[in-house]
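Subject: Structure for your review

Hello,

Here is the structure for you to look over.

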Amino acid sequence: MSQFATIRDIRDAVQSGARSAVDVCTDALARIEAHDGTLNAFNTVTRDQALAQAAAVDAHPHRASLPLAGVPVALKDNLCTLGVRTTASSKILEHFVPPYDATTVAKLVAAGAVAVGKTNCDEFAMGSSNENSAFGPARNPWATNRIPGGSSGGSAVAVAAGMTPLSLGSDTGGSIRQPAALCGLVGLKPTYGRVSRYGLLAFASSLDQIGPFTRTVEDAALALQVLAGHDPADATSAPEPVPDYAAALTGHAKGLRIGVPRALVSDGVDAAVSKAFNEALDAYREAGATLVDIELPYASAAIPVYYLVATAEASSNLARYDGVRYGFRAPAEGGPGTQDDLRAMYGRSRELGFGHEVKRRIMLGTYVLSAGYYDAYYLKAQRVRTLIRRDYEHAFEQVDVVAMPTSPTPAFKIGERTSDPLQMYLADIFTVSANLAGLPAISLPCGFTADSLPIGLQLTGRMFDETTLLSAAHAYERQTAWWKAQPPL
Amino acid sequence: MPATFSRSQIEAIAALAHLRLDEAEIELYARQLGEILEYANQVQNIDTTGVPPTASIGARHDADRADVVHTSLDRASALANAPDANVDAGLFKVPRVIG
């Protein structure tokens, strides 16, 4: 079985006893060992725990019915893991060891998955390139001088490099879908409320969602099946019934209505991305889908709305990092034997503990929530957010899914955009509106540039209708072989 | 709305956020926050008359649970990550607040 085996292949082999979970896990750890020095996908590798979990799967009395039997999984380092440090790639949490597992982590392990470690990401999931990490950038396996995307960069790299067939990321404005696109993977952001966020370090609570990176759409369906469902520990998780996702994958696009917001996708998109996107639409048409031109008139305002709402929520959520209950506390400024006053201790701990992008967003969020500016920025952004939601509601009266490129450009070079945060933010144009509207969205491979850099197609679906979304994605994937490509490691 | 921020404005925002900044950061954020907000100002041109704000998607108001005592984090675990704590007394420690 190759390093690029799917979840389905591994699960079937472990369930039937053709392979042991320990054998699969040993291979995954060897692959990480071989390539992580270059790629920097992992902040922490949990070798001993992984082998113990794998042995437990092999000894499990119901191994044959574990839905993810022996499947190695990499976890974004903003998901709490009992007894395993969870840093959010921040110095302020460098030594934080959670006393509990995130619900998603517990569910995966209960389903037979084997957690091999915690992946690199932008600090507190703030970024689109994985360059805002206290542990250095992760590198794209397709071109190691380029970014893998972000913020869940390490999770994308782990799957793209054949280290694991599954990883978890979090997506607040595209942080699963954009790195999936840039690394040639399937990345799914489920509906807001579909998956429990208990144990996810909060960035922007009205936008954050956890989801999987996989190589195939079917694998995404298998992972979502385990992750989805109501959790009493997360009051925002939804009591909606969870359908059988894999059963909905018919491979057919006949009768599918695909909305294309032509005006939105006509500007500022790289030529190779545009070409691959249009070819994907052609493939859908040939497979019997109907393309419908739609208008999303307010989607062009999604970036400013997103950066006003997300930073406001972040400034509030990150107030908890104060050097008291957990995390880094700055030593007293006067040296040993002296003591800062309380406010100075807060200010210095946060100054030394947070990186530049996190501080920038805390500053912006604090400003837009402050007296005199709240109405003009935060409240105004929330009103425009309503208009963006309505755009999609109108679109879904005519269509089943909306198609866009995932990212306007392929992976850029490390360091190319770090000096201009606004330019970096603009790259999120096609992904942020799904978060603002709470909708499920998926990125899947749809081609390569002339330099062999992956390109992603994004589909967005109705609230809680991951079934149609996955089915539409699967129909395209079945006609193409992009997902089979492997990076030149 | 300011296109650039003054030093004192940046310091006032940082104070609200309990964030100390060094000289270079004050200059950097004065410029960058101005640029980002200038861009974000395009939302001001959108007519939102009569449009209600969206604070959250699908917010549920029926997420109550029964008021039943259940096991919670034990004290030692809760204190284990504290940079300074008196575990025996069960206290987080902070610098002296009252003279």
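**Cavities**

In this predicted model, the count comes to 4 cavities of 30 Å³ or more. A cavity here is a set of points, on a 1 Å grid over the protein atoms alone, where a 1.4 Å probe fits but cannot get out; a volume is the space filled by probe spheres set on the points, which are joined across faces, edges and corners.

The largest cavity has a volume of about 80 Å³. It is lined by 13 residues, of which A:Gly127, A:Ser128, A:Ser175, A:Tyr306 and A:Asp428 are the closest to its centre. Lining residues have an atom within 4 Å of a point. By class, this lining has 5 nonpolar, 6 polar and 2 charged residues. Ala, Val, Leu, Ile, Met, Phe, Trp, Tyr, Cys and Pro count as nonpolar, Asp, Glu, Lys and Arg as charged, and the others, Gly among them, as polar.

The second largest cavity holds about 60 Å³. Its lining residues include A:Phe4, A:Trp142, A:Arg215 and A:Trp483, and the lining divides into 9 nonpolar, 1 polar and 1 charged.

**Exposed residue in chain B**

B:Ile98 lies in the segment after β2 (91–92) of chain B (strands are DSSP runs of E, at least two residues, numbered from the N terminus). B:Ile98 is exposed, at 73% relative accessible area (exposed means over 50%, with a 1.4 Å probe and protein chains only).

**Conventions**

Residues are numbered from 1 along each chain as its sequence is written, and chains are lettered from A in the order in which they are written. Local features need pLDDT of at least 70, side-chain atom pairs count only at pLDDT 80 or more, and totals for chains, interfaces and linings use all residues, while side-chain values use heavy atoms, without hydrogens and water.

Regards

Note on methods
1 Å grid on protein atoms, 1.4 Å probe; cavity = no way out; pocket = protein on both sides within 12 Å on 5 of 7 lines; lining within 4 Å. Helix = DSSP H or I, 4+ residues; strand = E, 2+ residues; numbered from the N terminus. Buried < 20%, exposed > 50% of the residue type's maximum accessible area, 1.4 Å probe, protein only.
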